[in-house]
Amino acid sequence: MASLAVLYLGLFLLVINYWSFGLSAVKLVAGWMALAILAASQGGEIINRTQLNRQGVIFRIIAAVVIWILVFLIAPSVSFLIAQPLPVTWSGLILIGMGLLQLGMTTQTLKVIIGLLTVLAGFEVFYATVENSVLVAGLLAMITIGLAAVGAYLITLPSLEESV
Amino acid sequence: MTAPTIWIISPLLLAISFFLIRGRQVLKFYLGAFFSLFLAFLAMVIPVGEVMTFGSLTVQVNPSLGILGRQFILDQGDKTILALSYGMGFFWIFGGLVSKPRSSFVSIALAVLAILVAAISVNPFLFSALLIEVAILISIPLMGSPGIPAGQGVQRYLVFQTLGMPFILLAGWALGGSGANIGDPNLIISAAFLLGLGFAFLLAVFPFYTWIPLVADEINPYVSGFIFAALPVMILFILLDFINGLAVIRDSDLFFSALQFCGVLMIATGGIWAAFQNIITRLFGYAVIIETGFLLFALGMKNQVGLEYFTFAILPRMIEIGLIALGLSFVKKSLGNLETQDLTSLFRRTPFSAGAIIAAFFSMAGIPLLAEFSIKFGLLRSYSAQESGILTWIFIGMLGFLVAVFRFLAVFIGHPGNYEKVPEPQLGKAMILIGVVSLLCIGLFPRFFLQGMVQILNAFPMINW
C-alpha cells in the first residue's frame, strides 16, 4: 500500500512536466483516494500475506529482473515510435510490466486491484505526455477511484448482508 | 433540448435516483422498464436536428452536447442503435420482474446502457474506451452476491476488460491524434496491433474469453445474460465507429483478415470446448463466445453480405440470450441449482423454461426454421464461394456446440420419474412464448422482420463496401 502511495507521488512528479499543477494534482489525489478506499476495506485487519517459500521469492525476483531487462531493451525503440523522452518510456513500461507480473501471479482481490492500478499508472505516464484533455483526466481519475471502489466491494463481499 | 440529454443524461439521472431511493422495488422495475421503452420509442419518432411543430410550439432536438471540451453527438443515423439499446433495456428490466435479480439491477442496467450509448456518441471517438471502462466498473456490483466471495470469473472480467482500455486509447492516439506521419507503415502496424489487442480484450476474443464461461457459471444467469447481451454488441458498434472514423483501418485488408481469423478461432475453440461441458451455464457462456465469433467473422468478410449478416444477427442474438437467461433463472429459482443431474426431465417439470433454453440454443446452432438458420446459412454459403478451407473449422465448432446441445436435450427429456411439475410465473411464460414465437417468425420470414436492422449502418456512413 505504501509503495502504491509512493508510486502515485512519482506519477505526479512526472506528469507535472507536461500538465498544469492543478491537473497533475488530480492524479495524485485520485491515486491516494483509491489507496484510502482500499485501505478502508481492510477493516483494520492485517493483510493476509501468503507465505512464500524461498524458491517462490527467488522466482519472483528473477521474473522482475527479466521484466526490467526487457524494458531497458525495448524502451529506445518504443521511445522512438511514440516520440517521447526515454525516462518517460522507462517509467511507463516498468510500471506496466510490474503490474502485469503482479496480475499474473495472484488471485487475491486486493493484489489484483493493486496490479491493475499499477498497470493503469504506467499507461497514464505515457498518455499524460500526449493528451492533456480535462475530460480524459477526469475520466481516468474516476476509473482509478472506481477500480479501488470495485476492489473494496469485492473484498468486503463475503462479509456483506443482502439488504433486500 | 439536446439528444444526449434525452438518451444519456435522463436515464443516468433516473438510475442515480433509483439507486438513492430505497424500497419500492416493483415500482422501480416498472418505471425503469417503461422509461426504457419510452426512450426507444422516442428514438424512432423524434427527428433529431429538425424543427418539430406542435401547434404554436416549436421544438428542436440538437444532436450535440458539449461536456468539458468534448462533444457527445447522437444524430439521425444513431436512431436504430438507440432504439435497439433501450428496447433491450426494456426487455431486461421488465424481465427482472419475474427473474428477480438484485434490487440494484434496474439502476445499474440503466446506467450501463446510458454510459455505453455515451461511449458510442463521444467525439473524438477515441475516448469511448474510457466510458466503456466506466460501464464495466458500474456493472461489477451486479455480479456479486452478498455473503459469497467473488469468483475467478468476475476477477478475470474486471482484469481483461480493464486491460483493453489503455491499448485502445494508445492506438487512437497513434492513428488519429499523434500528428505523426500517418503514412509511416511502422506506426500504422503498431497502432493496428494495439487497436486489435484492445478490442480483443473488450470483445473477449480467444484467448481472453476464459471469463465468459466462468462468469456464466458463477453469477445469476439473468445478470450474466444482461452482460452478454449488452456489452459485446455495444463494443462491436464502437469497433464499427472506429472503422468508420479511421481510413487507415477501413482500408486495411490485414485488419479485416485478423478479425476474420479471430472470429473463426472463437467459433472453433468455443464449439470444441462446448462439446465437453457438463454444466449448462458454461454452455451458455460458450454459446455467447460462438455468437461473437460469428459477428467478427462476418465483419472480417469486408463486404456487403458480411455487414448484412452482422446487422441481421443482432436481434436474434438478443432474443436467444434473453430466452436462455430467463429460462435458466427460473429453473435455478425453482430447483435451487443448475447441476446436470438436477436438470433431468426438465421438460416435465418446467416445460416453458426448458423449451426456451433448448429453442434458443437450437437457434444459435442454426437449426432450420429458427431465427439464425437462414442468416448463418446465407453467410456461410456466401463465404464458401470465396474460400472453403476455413469453413471446416466453423463446421467443427458448430458440430461441437450441437453435440453439447443435444446432450442437454437428452437430459431434459430423459428419465421419466416421479418428478412433480413446478409452477412457472405467468408473466415469465408469456415472455418466453413471445420470445420463442419471435425466433420462429424470424426464421420463417427473416427479411421481413430483420430488414430494418440494416439501418444500424446509417450510424457509420463511411463503411460502404
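Colleague: Where in chain A is confidence lowest, and where is it highest?
Modeller: Lowest is helix α3 of chain A, residues 54-82, at a mean of 87. Highest is helix α4 of chain A, residues 86-105, at 91.

Colleague: And why care about low values?
Modeller: Where pLDDT is low, predicted coordinates should not be read in detail.

Colleague: Next topic. How many residues of chain A are in contact with chain B?
Modeller: 33 residues of chain A are in contact with 33 residues of chain B. On the chain A side, α5 (109-130) and α6 (134-156) each supply at least two residues.

Colleague: Which element gives the most on that side?
Modeller: α6(A) does, with 13 residues.

Colleague: What classes of residue are on the side of chain A that touches chain B?
Modeller: That side has 25 nonpolar, five polar and three charged residues.

Colleague: Over to chain B. Which domains does the assignment give?
Modeller: Domain 1 of chain B covers 1-123, and domain 2 of chain B covers 209-459. Their C-alpha centres lie 26 Å apart. The contact between them takes 18 residues from domain 1 and 23 residues from domain 2.

Colleague: Which elements give two or more residues on the domain 1 side?
Modeller: α3 (79-99) and α4 (105-121) of chain B. α3(B) gives the most, with nine residues. By class, the domain 1 side has 13 nonpolar, four polar and one charged residues.

Colleague: I also see strands in chain B. What order do they take in the open sheet?
Modeller: The order is β3-β4-β5 in chain B, with antiparallel pairing. β3 and β5 (122-123) of chain B stand at the edges, each with a single partner strand, so one side of each has no neighbour in the sheet.

Colleague: How many bridges join β3(B) and β4(B)?
Modeller: Four bridges join β3(B), residues 64-67, and β4(B), residues 70-73. B:Ser64 has B:Ile73 as its bridge partner. Two residues lie between the strands in this hairpin, and B:Leu68 takes a positive phi near 50 degrees.

Colleague: And how many bridges between β4(B) and β5(B)?
Modeller: Two bridges, again antiparallel. Here B:Gln71 stands opposite B:Asn123 in β5(B).

Methods: Residues numbered from 1 in each chain as written. Chains lettered and ligands numbered in written order. Predicted model: local features only at pLDDT ≥ 70, side-chain atom pairs only at ≥ 80, totals over all residues. Domains from an automatic or database assignment. Contact = placed C-beta atoms within 7 Å. Nonpolar A, V, L, I, M, F, W, Y, C, P; charged D, E, K, R; others polar. Pairing = 2+ DSSP bridges. pLDDT = per-residue confidence, 0-100.
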